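Reader: Happy to have you with me. Could you walk me through the charged side-chain pairs here?

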Amino acid sequence: ANGGNSLIEQGLIEQSKTNLFLNFEISKIRKDRATHKYILNDDNALQYDYVVIATPLCLSNITFDISDDEGSACNQQIAVLSQQEYVDVYKHYVKGTLKPQYFGFENNDEKHLQN
């Protein structure tokens, strides 16, 4: 994209007419049982239909009050993700040409290089 790839994300956020809070500390997410809205930090001015958390739960100090049923699917997922160890992942892409001889083929026949 002209001007950088971040303009794509910025355009999507603007078109969605969403409230985006970057670097906003959230300590609690509670679901209001009457309105089914999520309330952040017990502040009724911060009520939303959906909340996206873009941080590993195991590194956050967010407490959840989503459902009275501790065995609910949502509470189970929160429990699993909160206990999951954070792991850094690194990817490296390498461009090159395969040598069929390395894999035991005698020639450069393309049929050996297909799926």
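Author: Gladly! A salt bridge is a side-chain nitrogen of Lys or Arg within 4 Å of a carboxyl oxygen of Asp or Glu. This is a predicted model, where local features need pLDDT of at least 70, side-chain atom pairs count only at pLDDT 80 or more, and totals for chains, interfaces and linings use all residues. Residues are numbered from 1 along each chain as its sequence is written, and side-chain values use heavy atoms, leaving out hydrogens and water.

Reader: How many salt bridges does the count come to?

Author: The distance rule is applied to Lys or Arg nitrogens and Asp or Glu oxygens. By this rule, the count is 4.

Reader: What is the N to O distance between K37 and D49?

Author: K37 sits in the loop between strand 1 and strand 2, and D49 in the loop between strand 3 and strand 4, 12 residues apart. Strands here are DSSP runs of E, at least two residues, numbered from the N terminus. The side chains meet in a salt bridge, with an N to O distance of 2.7 Å.

Reader: Is D65 buried or exposed, or in between?

Author: D65 forms a salt bridge with R33, the closest N and O atoms being 3.2 Å apart. Buried means under 20% relative accessible area and exposed over 50%, with partly exposed in between (1.4 Å probe, protein chains only). At 27% relative accessibility, D65 is partly exposed.

Reader: Which residues do salt bridges with shared partners join into one network?

Author: D42 and R30 meet in a salt bridge at 3.1 Å, N to O. Salt bridges that share partners make one network of K28, R30 and D42.

Technical notes. Helices (H or I, at least four residues) and strands (E, at least two) are DSSP runs, numbered from the N terminus.
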